[in-house]
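Hi there,

Here is the structure I promised to pass on to you. Please open it beside this email, and then read on for what I found in it.

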Amino acid sequence: MTVEMTPEVTPPSPQGDSPVAAAAEVAAVPSVKEVRSNFDEHAHRKSTFKGLLLFAISLLPFVLGYWGFVELHGWWLKIAAAAVFTGAIPALFIIGHDACHQALTPHSWLNKIVGRIAMLPGCHAYAVWDYGHNSLHHGWTNVRSKDLVWTPLSKEEYDRLSPAYRLVHRLYRTWWGVGAYYAIEMWIKFGMTQAKVKNAKTNRLFWADRLSVVLFVIAQIAVVLFATDRTGLGSNSLAVSAGLLAIGVIIPQVLWNWLMGFVVFQHHTHPTVPWYGDEQDWTFYAGQIQSVVHVELPRPIELILHNIMEHTAHHVDPRIPLYNLEDAQKKLEEAYGGDIVVVPWTLRGYFDTLRKCRLYDYANHQWLDFDGIATTPRLLQRDDAGRLVRPAETRG
Ligand SMILES: [Zn+2]
C-alpha cells in the first residue's frame, strides 16, 4: 500500500499554556449532552432501506465469492473467488457491528437477525460481542480492567509474566502480530470461551451464539471438502483437500483476524493517547473524544470498511448509523479539533505507534518500551486539585 507520508497527527490547538489553564479546562470538560448536541437531527435518523441495502451490498460479494469458489474450475479462479468473499467478511462484520449497536435499522428484532447473520462469516458470537464491545469497550474506553481491547500492561505486570508469555506479548505488538493478538486474546479467549456475566440467561445466549459460529465453520468445511468442484485441481485428493481448506477457510480467517487486530489497535492506541488505571480519573470526554483516533485510510478501503474509521463520532454516540457517521465526525472535528486525534495512515506512523506504545506507566501516564523506558512525554498529570489533566506543553 503506497500512502504519501503526511504529518502523523493533527496538532492539538493551544487552549491554555499554564497548569492553571489546564485545570480550568478540566473544570469545563463538556458533558455527554453537550458533546452530543453538536449532532443535528439527521445524525440519528435510521433507515430500514439504507440498513438493508448496505447489508445486501455486503452480503452479495460474500455469496457470489463462495459460489465461485465452489463452482469455478482451477486454482486461480478459486483463489480469485476466495479473495472476493474474504473482502466481504469485514464489510459484513461492520454491518453486524452497527446492528449490534441497534443503529443499523429502526427495528430491534431486525437488527438482531441481521447482526447475527452478518457476524457469522467473521465467526463472531453476536451476544458476546454485544457485551465485550458495547458494554465494556464503549462504556469504559481506555480504562484498564474494564476495556479489554489492546489494554497495555504495566512494566510490573509484564515482568510477572512467564518468559514465554513475555515473548508472546512482544510479538503481539508487531505489524503482523496484531492479528495473532486479536485471534488469540479477543476471539478465542474472550469471544469463544471465557466471556461470562452474572446473568444465567445471557450466558446461555453467549453459548447459543458460539454454537452457531461452530456450526457455521463445520458447514464451511463440509462444503469445501465435499461439495466443491475439483476440476483442474490435480489428482492427489489429500493435497487438493488441504489446498481447498487453506484457501476456502483458513487463509480468509487469518486475514480477517489480522485486519481486525490492525484496525482496533490503531483506533485507541497512539503515542498521544493515554490509558486510565483508575475509573475515577476517567470522564466521557477523556474516553470518547480524547482516547479515540480517527485514522484516515485510502478512500477505497474506507468504503469497504463502511465508515468505521470515523471513529470519534461512533464513540461519542454509537447509536448513530454508519451511513451518517462521516457528517457527524466532521461536526465533532469542527467543535473539538484540538482534542481529537486525526492520523492520516502511513506505514511510518503505524510502525512508530507499534514501537512506542508497548507498555504503559499508569502512575506517570507515559508509554514505555518493553525495558520500561519512556517513549513519550507525560500525557496526563495531576493538577493542584488532584485531577488528571493534559499538561499544557502536550497541547501544542
Ligand atoms: Zn462500536
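At 1.5 Å a residue, what should the 24 residues of helix 3 span, and which distance separates its end C-alpha atoms? The helix should span 34 Å, and its end C-alpha atoms are 33 Å apart, which agrees. Before going further, please keep in mind that this is a predicted model.

**Helix 3 and helix 4**

Helix 3 runs over residues 48–71, and helix 4 over residues 75–100.

For helix 3 and helix 4, the axes come within 7 Å and cross at roughly 155°. That angle makes helix 3 roughly antiparallel to helix 4, since angles over 145 degrees count that way. The crossing of helix 3 and helix 4 is left-handed.

On the helix 3 side, the residues making the contact include Leu54, Phe55, Ser58 and Phe62. On the helix 4 side, they include Ala81, Ala82, Phe85 and Ala88. By class, the contact of helix 3 with helix 4 has 17 nonpolar residues, four polar ones and one charged one.

Which residues of helix 3 are buried? They are Gly51, Leu54, Phe55, Ser58, Pro61, Phe62, Gly65, Tyr66 and Phe69. Look at the spacing of the numbers while you read that list. An α-helix has 3.6 residues a turn, so residues three or four places apart point the same way. The buried residues of helix 3 pack against helix 4, helix 5 (108–119) and helix 11 (237–268).

**Helix 4 has another partner**

Helix 4 also packs with helix 11, at an angle of about 35° and with the axes 10 Å apart. The crossing of helix 4 and helix 11 is right-handed. Among the residues in this contact are Ala82, Phe85 and Ile89 of helix 4, and Leu255, Trp256 and Leu259 of helix 11. This contact of helix 4 with helix 11 divides into ten nonpolar, two polar and one charged residues. Just after helix 4, you will find Gln102 with a positive phi of about 60°.

Next, please find helix 10, residues 200–227. Its 28 residues should span 40 Å at 1.5 Å a residue, and the end C-alpha atoms are 39 Å apart, which agrees.

The axes of helix 6 and helix 10 come within 6 Å and cross at roughly 125°, and the two helices are therefore oblique to each other. Here Tyr126, Ala127 and Val128 in helix 6 meet Thr202, Leu205, Phe206 and Asp209 in helix 10. The residues of this contact of helix 6 with helix 10 are five nonpolar, one polar and one charged.

In helix 10, the residues Phe206, Asp209, Arg210, Val213 and Val224 are buried. Their cover includes helix 5, helix 6, helix 9 (177–194) and helix 11.

The C-alpha atoms of Ala208 and Leu332 are separated by 39 Å, and the two residues are 124 apart along the chain.

**A few single residues**

Leu136 sits in helix 6. With 18 C-beta neighbours inside 10 Å, Leu136 counts as partly exposed. Leaving aside its neighbours within four places in sequence, Leu136 is in contact with Tyr131, Lys146, Asp147 and Leu148. Val149 is 13 residues from Leu136 in sequence, and their C-alpha atoms are 9.1 Å apart.

Finally, here are two loop residues to look up:

- Ser145 lies in the loop between helix 6 (126–139) and helix 7 (155–160). It is not a glycine, although it has a positive phi of about 70°. With 12 C-beta neighbours inside 10 Å, Ser145 counts as exposed.
- His306 lies in the loop between helix 13 (299–304) and helix 14 (311–316). It is not a glycine either, and its phi is positive at about 45°. With 22 C-beta neighbours inside 10 Å, His306 counts as buried.

Methods. Residues numbered from 1 in each chain as written. Predicted model: local features only at pLDDT ≥ 70, side-chain atom pairs only at ≥ 80, totals over all residues. Helix = DSSP H or I, 4+ residues; strand = E, 2+ residues; numbered from the N terminus. Axes fitted to C-alpha atoms, helices over the stretch in contact; angles between N-to-C directions. Parallel < 35°, antiparallel > 145°, perpendicular 65-115°, else oblique. Left-handed = near helix turned anticlockwise from the far one by under 90°. Contact = placed C-beta atoms within 7 Å. Nonpolar A, V, L, I, M, F, W, Y, C, P; charged D, E, K, R; others polar. Expected span 1.5 Å × (residues − 1). Buried ≥ 20, exposed ≤ 12 C-beta atoms within 10 Å, placed from the backbone.
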